[in-house]
Structures are given as structure tokens and as C-alpha cells.
Amino acid sequence: MRGRTRRPVGSITRGTTGHNRLRRADRWIAAAYGGLLRSASRPLVVDLGFGASHVTTTELYLRLRAIRPDVEVLGIEIDPERVAAAAPHARPGLSFAVGGFELLPAARPPLVVRAFNVLRQYGEAESAAAWGLLRSRIAADGVIVEGTCSEVGHRAAWVGLDASGPRTLTLSTRFTGFDRPSDLAERLPKALIHRNVPGEPVHDLFQDLDRAWAVCSPYAAYGVRQRWAATVETLARTWPVLTRPPLGGRARWRLGELTLPWAAVAPGFPQAGAGRAG
């Protein structure tokens, strides 16, 4: 009907957020997609579901402006009150608007979408539908980083997607944030968190990670960072861990990261049919 406002797609989340909660993901986005941002014309980045505070959207804006000074960042939230609270913090290249998974009212298809902690309350089928809607709204060469992290950001996991589907899974942790690598399983994205059961690839991954962690215990004498890097290197002998920049290699591992092709952990439901990352 004429004059009728379309309701944004999605549901209001708890909105929990805080300074540097998404620093690990932001750092990865800058490394993984810095070249994409630098080469694009008028790059637009969307922070979907920024929560009860503008802070993580503003931090993303500042971090990406360090590699592309004219990048535009749009924070989208389904809750109008949160958008109103964030609006006074807008500045040139940084804005906030009411919207949902349809990514409206973005002025043009975004090159990068960061969507963190927005799908945990959905079922697997709803999560798959959200992925599909997001993928249909990004630029032709656009990417999506969808994941989950702890309240203080010390444990995180995310999926990298493009228009063809999911491409990678990344685990990221603070070195004081776990006793064994399988502790990160509690932060798996919705597409995987219920798949951490015997018979599923992601369950095998965490079992092998814990075994490699135990084998590399002598490296503890040199610190947790060295032990983690040795653990990932050991895992890479039997799993297709990315070992070359920008997504892999010891420089990334020493940050507490590990990235694999999605195909290595893909569960048996429709949106899992993507090929290996390059």
C-alpha cells in the first residue's frame, strides 16, 4: 500500500556489545579483504546488527579507514531506539540506519558485511535463509563475515561467504581464553554449533585440534603463542589449514587464528555446497 513502511527482516537481539569485542574479526577483515577495499570504487561496508551501542561500528570504521581513507561504513539495526542512540556519533563516512537482513537502506550493494552475534537466536533453516538473503544483496565481488564471539571477545569463530556461498571457517582466540582448543566450540556460528557431534566434520576438527594441542605440550615452555602455532602447524599435516597469506601462515597463527576451507567442515544441509577457498 502507498505510504506503508516495510518492516525490516529479522528480530531484535540482546544487543550486548563493548569496546574491542570485535577487534579480532576486524583485524582479520583488514588482512583478508584489505586489497579488495583498496581496489574498489566507493567501497561500502555494512555492520549488521550493531547492538545497543555504536562502539563496535565506530571501531570498524576507524580500523578500515586506516587502510582505505574514504571507505563508508553503515551500521544497521532493527531496533529504532538503538539507531537513535547511535545517530549522534555519525561522522563523514559513518552512519546508522534502521534495517535488517535485507541490508536496506544501504545506498548501494555493500562490498563487505560484518554480521556478528545476530544469528544465534535463529534455527538452522532460518540461518540458512539469512545467509541467502545477505548473499543476494552484496556487490558482485562482495563478501560477508558472519560469526559469534564471547562477551569480551576472547573466543570467536566466523564464516567467510561470498555470492557463491560459504568459503572459510576461522577460529580465533586470546591466548588466555582457553584451556584446550575445543573450548572455542561454544562460539561456533549457528550453521555449525549444533553439528559439533560425533560423525560431523567439525567435531572431528576439534578432536584433532585437542590431540595436536596435547602433542605440542612441550612448546608450552616457550609460551602459549608458540604452542598454538605449533598446534596449527601439526593440524595442517592432516587438515587443509590455510598456510599462506592473507588468510593463513604463522603470522596469522601467532595471533591466535586458524582458517580452513568451508568444505573441510561443511555439514550436510543445503547451504554447505561451496568449494574450497583458494
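**Helix packing and local features of the predicted model**

Helices H6 and H7 are oblique to each other. In this predicted model, helix H6 spans residues 201-215 and helix H7 spans residues 224-235, and their axes cross at roughly 125° and come within 9 Å. The crossing of H6 past H7 is right-handed. On the H6 side, the contact is formed by Leu205, Asp208, Leu209, Ala212, Trp213 and Ala214, while H7 contributes Val224, Arg227, Trp228, Thr231, Thr234 and Leu235. Classified by residue type, this contact of H6 with H7 comprises eight nonpolar, two polar and two charged residues.

A further helix pair is formed by H1 (residues 23-39) and H2 (residues 55-65), whose axes lie 10 Å apart at an angle of about 40°. An angle under 35 degrees would count as roughly parallel; H1 and H2 are therefore described as oblique to each other. H1 also passes H2 in a right-handed crossing. Arg23, Asp26, Ile29, Ala30 and Leu37 of H1 meet Glu59, Leu60, Arg63 and Leu64 of H2. The contact of H1 with H2 contains five nonpolar and four charged residues, with no polar residue.

Aromatic pairing was examined over the whole structure, and eight pairs were found. One of these involves phenylalanine 116 and tryptophan 158, whose ring centres are 6.0 Å apart; their planes stand at 55°, so the pair is tilted. Phenylalanine 116 belongs to strand S4 (residues 112-116) and tryptophan 158 to strand S6 (residues 155-162), and the pair thus links distant parts of the chain, 42 residues apart.

Two features of the backbone were noted in loops. Most residues other than glycine have a negative phi, and most peptide bonds are trans. Arginine 42, however, has a positive phi, near 50°. This arginine 42 is located in the loop that runs between H1 and strand S1 (44-48). The peptide bond joining proline 245 and proline 246 is cis, with omega at about 5°. Proline 246 lies in the loop between H7 and helix H8 (250-253).

Confidence was considered along the chain. The mean pLDDT of the protein chain is 90, and 90% of its residues reach a value of 70 or more. Residues 1-5 have pLDDT under 50 throughout, and the model gives this segment zero contacts beyond four places in sequence. Over residues 269-278, pLDDT likewise stays under 50, but the model has 25 contacts beyond four places in sequence for this segment. Where pLDDT is low, the predicted coordinates should not be read in detail.

Technical notes. Residues are numbered from 1 along each chain as its sequence is written. This is a predicted model: local features need pLDDT of at least 70, side-chain atom pairs count only at pLDDT 80 or more; totals for chains, interfaces and linings use all residues. Side-chain values use heavy atoms; hydrogens and water are left out. Axes are lines fitted to C-alpha atoms, for helices over the stretch in contact, and angles run from 0 to 180 degrees between N-to-C directions. Helices (H or I, at least four residues) and strands (E, at least two) are DSSP runs, numbered from the N terminus. Angles under 35 degrees count as roughly parallel, over 145 as roughly antiparallel, 65 to 115 as roughly perpendicular and the rest as oblique. A crossing is left-handed if the near helix is turned anticlockwise from the far one by less than a right angle, and right-handed if clockwise. Contact means heavy atoms within 4.5 Å. Ala, Val, Leu, Ile, Met, Phe, Trp, Tyr, Cys and Pro count as nonpolar, Asp, Glu, Lys and Arg as charged, and the others, Gly among them, as polar. pLDDT is the predictor's confidence in each residue, from 0 to 100. Rings of Phe, Tyr and Trp (its six-membered ring) pair if their centres lie within 6.5 Å; planes under 30 degrees apart count as stacked, over 60 as edge-to-face and the rest as tilted.
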